[in-house]
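Visitor: Hi! I'm new to this one, could you show it to me?
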Amino acid sequence: MLHFLDPCDPFLSIRSHEVPVAEIPSPEIQGLIDQMFAIAKGEREDLQKKVAIGLAAPQIGVSQRIILVDVGVDKDRKKMGELKVYINPQIVWKSDELEEGREGCYSVDHRLSGIVSRPKSILLNALDRDGNVIKQEFTGFTARIFQHEIDHLDGILFPDRIGKDGILHWVLEEEFPEYRKTWQSWPVKCPWEVWLAMKEGKPFEFFLDDDPFSKKKA
Ligand code: NI
C-alpha cells in the first residue's frame with residue numbers, strides 16, 4: 001500500500017513523469033488512481049482537523065503527473081466538495097491578478113503554514129481517468145489548490161513559493177480552528193532558516209521569546 005512520504009523526502013523535489021495517454025486505461029494507472037482516492041479520503045474524516053483537499057502522486061512516492069483536487073470545497077472548510085482526478089494537468093493561462101491565501105501541506109512539517117501569493121484564476125487542461133480532455137477555468141481557492149498540486153508535480157513545495165522574504169507561520173494542531181479565522185494576522189512566525197533545515201532533513205531548533213501563546217520548541 002502506498003503512503004505519504006516523509007516530509008522533505010528528496011523525491012518530493014523531483015519533476016514527475018507525464019502519463020502516456022495509451023497507459024491511462026492500464027491496471028497500473030487505474031489502480032494508482034484508486035489508491036490515491038483511498039488515501040485522500042482517509043484524510044477527510046474529521047473536518048476540524050487538517051483535511052486533504054488535494055493530493056499529488058509524488059507525495060505518495062509515485063513519479064506520475066496525476067493529482068486529485070477537491071473542486072467544491074469552500075475555503076473555511078465548512079463543507080467538503082468532491083475530489084476529482086486530473087491526469088497531466090497543465091495551466092495554459094493564468095491571471096495577472098494575484099491573490100494571497102494560506103497554505104499547508106502533508107509533505108512538509110504539519111506545524112508549518114504560510115501565506116502564498118498566486119494567480120487568482122487559471123485555465124486548466126488535463127485528462128480524466130477515461131482519457132477525456134478537460135479544459136476548465138478555476139478561480140479563487142480552487143485555482144490555488146490546482147497550483148499547489150501541480151507544483152508538487154514539478155518538485156516545488158509551498159514554502160519555496162513563499163520565499164525567504166515571505167511569511168511562514170508556525171501553527172500547532174489544536175490552534176488550527178483559530179488559525180483558519182485569523183491567519184492573516186497570525187503572530188507566530190517560522191524563521192526561513194528553520195524551513196531550510198527541515199527541507200534538508202537537518203535537525204533544527206527554534207524558540208520564540210515573545211510567543212503570545214506559550215513557548216514553543218520545534
Ligand atoms: Ni501539498
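Guide: Let's begin with the largest nonpolar core, which has 23 residues; Leu112, Leu168 and Trp195 touch the most other members. Such a core is a set of buried Ala, Val, Leu, Ile, Met, Phe, Trp, Tyr and Cys residues joined through side-chain atoms within 4.5 Å, where buried means under 20% relative accessible area with a 1.4 Å probe, protein chains only.

Visitor: Which element gives the most to this core?
Guide: Helix H5 does, with four residues. Helices (H or I, at least four residues) and strands (E, at least two) are DSSP runs, numbered from the N terminus.

Visitor: Where did the model come from, anyway?
Guide: This is a predicted model, where local features need pLDDT of at least 70, side-chain atom pairs count only at pLDDT 80 or more, and totals for chains, interfaces and linings use all residues. Residues are numbered from 1 along each chain as its sequence is written, and side-chain values use heavy atoms, leaving out hydrogens and water.

Visitor: Back to H5: which of its residues are buried?
Guide: Within residues 192–199, Trp192, Val194, Trp195, Ala197 and Met198 are buried. Their cover includes strand S5 (112–119), helix H3 (158–162) and strand S8 (167–170), counting contact as heavy atoms within 4.5 Å.

Visitor: And what comes just after H5?
Guide: Gly201, with a positive phi of about 70°.

Visitor: What does Leu168 touch?
Guide: Setting aside residues up to four places away in sequence, its contacts include Leu112, Phe158, Ile162, Trp192 and Trp195.

Visitor: Is there a second core, or what else does the nonpolar part hold?
Guide: A second, separate core has 21 residues, among them Val19, Ile29, Ile60 and Leu83.

Terms used: Buried means under 20% relative accessible area, exposed over 50%, partly exposed in between (1.4 Å probe, protein chains only).
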